[in-house]
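Please look over the structure below before reading my notes. They are meant for someone seeing it for the first time.

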Amino acid sequence: MKTHDERFAEMTFASVYPHYIAKVEKKGRTKEELLQVIEWLTGFDEQKLKAQIDAKSTFETFFEQATLNPNAHLITGLICGYRVEEIENSLTQKVRYLDKLVDELAKGKKMEKILRN
């Protein structure tokens, strides 16, 4: 049986992205806001993000090619029962950072708070 961490490494960003869009739009936020959040965390603008999706990049490749925001360590709290700041596997932590940001966006948090400004 694959570990939690191995599953994340092999999962494609493209398989999860539509769920992120649906989640934020269902709560009245926009795809543009989602793109802003993803770019803040990863450095990928819309064009680079589309390239990752088209290439069906795994999360492992996605985050290897990303330039993680230096303030990403400020993302804390619970996501799926795990404290983001305590996750030991680097890749799993980065995926959970992204999940946490999407959650905050969907919950209506102000953009400047989400982007840790």
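1. Basis. This is a predicted model, in which local features need pLDDT of at least 70 and side-chain atom pairs count only at pLDDT 80 or more, while totals for chains, interfaces and linings use all residues. Residues are numbered from 1 along each chain as its sequence is written, and side-chain values use heavy atoms, with hydrogens and water left out.

2. The largest pocket. Its volume is about 170 Å³. A pocket here is an open set of points on a 1 Å grid over the protein atoms alone, where a 1.4 Å probe fits, with protein on both sides within 12 Å along at least five of seven lines. The volume is the space filled by probe spheres set on the points. Lining residues have an atom within 4 Å of a point. Among them are Ser15, His19, Tyr20, Lys23, Cys80, Arg96 and Asp99.

3. Who builds the lining. Helices are DSSP runs of H or I with at least four residues, strands are runs of E with at least two, and both are numbered from the N terminus. α2 (13-26) and α6 (90-106) each supply at least two lining residues. α2 gives the most, with five. By type, the lining has five nonpolar, two polar and four charged residues. Nonpolar covers Ala, Val, Leu, Ile, Met, Phe, Trp, Tyr, Cys and Pro; charged covers Asp, Glu, Lys and Arg; the others, Gly among them, are polar.

4. Aromatic pairs. The whole structure holds eight. Phe59 and Phe62 make an edge-to-face pair, 6.1 Å centre to centre with 85 degrees between the planes. These two sit three residues apart in helix α5 (residues 59-65), about one helical turn. Phe62 also pairs edge-to-face with Phe63, at 5.0 Å and 85 degrees. Rings of Phe, Tyr and Trp (its six-membered ring) pair if their centres lie within 6.5 Å; planes under 30 degrees apart are stacked, over 60 edge-to-face, the rest tilted.

5. The aromatic cluster. Phe13, Tyr17, Tyr20, Phe44, Phe59, Phe62 and Phe63 form one cluster. Phe59 is buried at 1% relative accessible area, and Phe62 is buried at 0%. Buried means under 20% relative accessible area, exposed over 50%, and partly exposed in between (1.4 Å probe, protein chains only). Phe63 is buried too.

6. Gln52. This residue is in helix α4 (residues 46-54). Gln52 is buried, at 5%. Beyond its neighbours within four places in sequence, Gln52 contacts Phe44, Ser57, Phe62 and Gln65. Contact means heavy atoms within 4.5 Å.

7. Salt bridges. There are seven, each a side-chain nitrogen of Lys or Arg within 4 Å of a carboxyl oxygen of Asp or Glu. Arg96 bridges to Asp99, with the closest N and O atoms 2.9 Å apart. Both lie in α6, three residues apart, and both are buried.

8. A bridge across segments. Glu104 pairs with Arg116, with the closest N and O atoms 2.6 Å apart. Glu104 lies in α6 and Arg116 in the segment after α7 (111-114), so the pair ties together parts twelve residues apart in sequence. Shared partners join Glu104, Lys109 and Arg116 into one network.

9. An exposed loop residue. Lys56 lies in the loop between α4 and α5. Lys56 is exposed, at 58%. Its C-alpha atom is 9.3 Å from that of Met11, 45 residues away along the chain.
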